[in-house]
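Subject: Structure handover

Hello,

Here is the structure I said I would pass on. My notes on what I found follow it.

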Amino acid sequence: MSFKKAIENTPLLKNAFEKGLKALGSNSSKVKPPDTSKCEGSIDIDTTVKSIYPNDSRWDYVVGYDGKTYFIEVHTAKTDEVKSVLNKLQWLKDFLIKDAPELNQEPKSFHWIASNGNHILSGSSQARQLAQKGITVHRELRL
């Protein structure tokens, strides 16, 4: 199934679909697709589901690119923020199971884009926690 079809079959997200990286707004400059024609679209998950999950730690974005699904969190990358991002990841995984099962079936990866530089030391316990949960940290994401 395509990214767009999975979104169309997800009632909470289908009206938020944007072409290209448009849903990322000013954060779109932090994502670098080598071929923009392969960008299948994007969703601002956080804004879209805020009224339904107002008090939850929501994940930011999802982007479809060349048959893969990239879940993107733009956040300050400091060691004391790791727990917050891991909470957002758990929320996202629960959301995918409950509210977006078809999107959950897509090949996916989880990315943390450091909004003000990466201040998490490689080899630290926090870096290991992120790696164990499948989160990669970037200054900008090259798809």
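The side chain of Asp-60 reaches the backbone nitrogen of Val-74 at a distance of 2.9 Å. Please keep in mind that this is a predicted model. Asp-60 sits in the loop between α2 (45-49) and β3 (61-65). Beyond its neighbours within four places in sequence, Asp-60 is in contact with Ile-43, Asp-44, Ile-45, Asp-46, Ile-72, Glu-73 and Val-74. Asp-60 is buried but has no salt bridge. Lys-88, the nearest side chain of opposite charge, is 4.5 Å away, and a salt bridge requires a nitrogen-to-oxygen distance within 4 Å.

Where does Lys-88 pair instead? Its side chain meets that of Glu-73 in a salt bridge (3.1 Å, N to O). Glu-73 belongs to strand β4 and Lys-88 to helix α3, so the pair ties together parts 15 residues apart in sequence. Both Glu-73 and Lys-88 are buried.

The count of salt bridges comes to four. Another of them joins the side chains of Asp-46 and Arg-58 (2.5 Å, N to O). Asp-46 is in helix α2 and Arg-58 in the loop between α2 and β3, twelve residues apart. Arg-58 counts as buried, at 10% relative accessibility, whereas Asp-46 is partly exposed, with a relative accessible area of 21%. Arg-142 and Glu-140 also meet in a salt bridge (2.7 Å, N to O); here Arg-142 is exposed at 60% and Glu-140 is partly exposed at 29%.

On the nonpolar side, the largest core has 29 residues. Ile-45, Trp-59, Phe-71, Leu-92, Phe-95, Leu-103 and Ile-135 have the most contacts inside it. At least two residues of this core come from each of α1 (3-8), α2, β4 (68-78), α3 (82-99) and β5 (108-119). The most come from α3, which gives eight. A second, separate core of 13 residues includes Val-31, Tyr-61, Val-63 and Tyr-65.

Helix α3 has 18 residues and reaches 25 Å from its first C-alpha to its last, close to the expected 26 Å. Its buried residues include Val-85, Leu-89, Trp-91, Leu-96 and Asp-99. The buried residues of α3 pack against α2, β4, α4 (101-104), β5, α5 (125-132) and β6 (135-138). Lys-98 also lies in α3, but is exposed, with a relative accessible area of 61%. Lys-98 and Asn-118 are 20 residues apart in sequence and 32 Å apart in space, C-alpha to C-alpha.

Regards

How values were computed: Residues are numbered from 1 along each chain as its sequence is written. This is a predicted model: local features need pLDDT of at least 70, side-chain atom pairs count only at pLDDT 80 or more; totals for chains, interfaces and linings use all residues. Side-chain values use heavy atoms; hydrogens and water are left out. Helices (H or I, at least four residues) and strands (E, at least two) are DSSP runs, numbered from the N terminus. Buried means under 20% relative accessible area, exposed over 50%, partly exposed in between (1.4 Å probe, protein chains only). Lys and Arg count as positive and Asp and Glu as negative; His and the chain ends are not counted. A polar contact is a pair of N or O atoms within 3.5 Å; within protein, one must be able to donate a hydrogen and the other to accept it, and residues adjacent in sequence count only if both atoms are side-chain atoms. Contact means heavy atoms within 4.5 Å. A nonpolar core is a set of buried Ala, Val, Leu, Ile, Met, Phe, Trp, Tyr and Cys residues joined through side-chain atoms within 4.5 Å. The expected span of a helix is 1.5 Å times one less than its number of residues.
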